[in-house]
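Hi everyone, and thanks for making time for this.

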Amino acid sequence: MRSPLLCTSLLAVVLVLAAPGIQAQSRHFDLGSAFDAAKNLAKSQSVGAMSEEEELAIGKEVVAATLGSYPPLKNQDLQHRLNQIGVWVALQSSRPELPWRFAAVESETINAFAAPGGTILVTRGMLNHVTNEAELACVLGHEIGHVTRRHHIAVLQKSLLVAAGASALSVASKSGGSEEYRKLLIGESKVIFTRKLDRSSEREADEDGVLLAARAGYDPAACLNFMQRLAGLKADTNALEALYKTHPTAKERVVDVDEALGKLKGAAPGDGARPELTLNTTGNGSKKP
Amino acid sequence: MKTLLSLLLFCALLPAALAQGGGFSDLLRSVTGALGSKEAPAQTGQTATLGVRGIDEADAKTAAPLAGDAKLLESWAVGRKEAESAAARRGLAARPVDYK
């Protein structure tokens, strides 16, 4: 009995003495680097103006928000293997130095996500759909392309600008509107993967998927096989609903991938490896805190 | 002052945290948030960084795996050399390819 009473008494005294300090520190609580990055992003005219540090900070917010909906599969062997393949493909990209992270997440839908800064999430449904490592390399290469070209940063920038305008925030002031930006950033991070990228961005990412797979030594024709099989599935099934809300149809993408194959220099369709892919996609991904 | 305040907040929040079944890591997170530490910016609850310096730092680091799924992603990370070795074992070699 004595200890809680002593604690409570001391707490009351110290809280009174420290109140000004706590108040001063609370400003830092709301001013994380991600929020400053979001403000700078909204102010800038080009995604190219954003530093890599800022991109990483925003990416962490996006990943945290996304993992809330898509928890990672608790299967270390699977995740380790996926990272070995993913990093190998990413090393062939224009930004090999990024801290690339790959994770298989809980969802039976066929989908994959790329967060700014280099974190790629792949659903269990997607991993069960690919038939060899070369096809997985194509999927990862597509997502890596979104990261290297900062496609989602551009989407985020548009959303923040619209939101900032709507709420009449002062984007010119570094100290003004920080709490509003924090809310905006968290809100946008949660929905960034529901935003549809424009057609040209998806075409660029498909081209990158083919190119990076070929550079990594895989048969680039695997990208076409994968897309053709996707096109053969019924589009209105639950497994594809989310994918088609944010991507062109697989039939359109078959044309894009076929054209990309025809433009390759240094590797031809059929030229390259198609290693067997043995991934155990079991694992409890439903853990919530 | 911050260390003393951390200790006192710990005393004050312990009964409530245990009653809610939140566990030790959640308690540390509560203390971190209350102090508004620079090392623990306000993020989503799942990934709040445990960053209390001083007496709780070692325990906080130990509790980190419970702090969120984002930490797991870091534990699965693979470096360049390992990725290259794994690719070589599967017969893969990088080659110069571009678009015409």
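Let's start with a pair of helices: α10(A) and α12(A) cross in a left-handed way. Left-handed here says that the near helix is turned anticlockwise from the far one by less than a right angle, and right-handed that it is turned clockwise. Helix α10 covers residues 221-231 of chain A and helix α12 residues 250-263, and their axes come within 9 Å and cross at roughly 165 degrees. That makes α10(A) roughly antiparallel to α12(A). For these words, angles under 35 degrees count as roughly parallel, over 145 as roughly antiparallel, 65 to 115 as roughly perpendicular and the rest as oblique. The axes are lines fitted to C-alpha atoms, for helices over the stretch in contact, with angles from 0 to 180 degrees between N-to-C directions. Among the residues that meet are A:Leu224 and A:Met227 in α10(A), and A:Val254 and A:Val257 in α12(A). Contact, by the way, means heavy atoms within 4.5 Å.

Before going further, a word on where this comes from. It is a predicted model, where local features need pLDDT of at least 70 and side-chain atom pairs count only at pLDDT 80 or more, while totals for chains, interfaces and linings use all residues. Residues are numbered from 1 along each chain as its sequence is written, chains are lettered from A and ligands numbered from 1 in the order in which they are written, and side-chain values use heavy atoms, with hydrogens and water left out.

Now the overall picture. Chain A has twelve helices and four strands; these are DSSP runs numbered from the N terminus, H or I of at least four residues for helices and E of at least two for strands. Of the 289 residues in chain A, 56% are buried, where buried means under 20% relative accessible area, exposed over 50%, and partly exposed in between, with a 1.4 Å probe and protein chains only.

On to the sheet. In which order do the strands of the open sheet of three lie? The order is β1-β3-β2 in chain A, with mixed pairing. Strands β1 and β2 (112-115) of chain A stand at the edges with a single partner strand each, so one side of each has no neighbour in the sheet. Two strands count as paired if DSSP finds at least two bridges between them. β1(A) and β3(A), residues 119-123, run parallel and are joined by five bridges, with A:Val105 opposite A:Thr123. β2(A) and β3(A) pair in the antiparallel sense over four bridges, and A:Ala114 has A:Ile120 in β3(A) as its bridge partner. In their hairpin, three residues lie between the strands, and A:Gly117 takes a positive phi near 95 degrees.

Is strand β1(A) buried or exposed? Five of the five residues of β1(A), 101-105, are buried, so the strand is largely enclosed by the rest of the structure. In a regular strand, side chains alternate between the two faces of the sheet. Here A:Arg101, A:Ala103 and A:Val105 point one way from β1(A), and A:Phe102 and A:Ala104 the other way. β3(A) is mostly covered too, with five of its five residues buried.

The axes of α6(A) and helix α9, residues 199-215 of chain A, come within 7 Å and cross at roughly 125 degrees. The two helices are therefore oblique to each other, and α6(A) passes α9(A) in a right-handed crossing. Residues making this contact include A:Gly141 and A:Gly145 of α6(A), and A:Ser201 and A:Ala205 of α9(A).

Let's finish on one of those. A:Ser201 sits in helix α9 of chain A and counts as buried, at 9% relative accessibility. Leaving aside neighbours within four places in sequence, A:Ser201 is in contact with A:His146 and A:His151.
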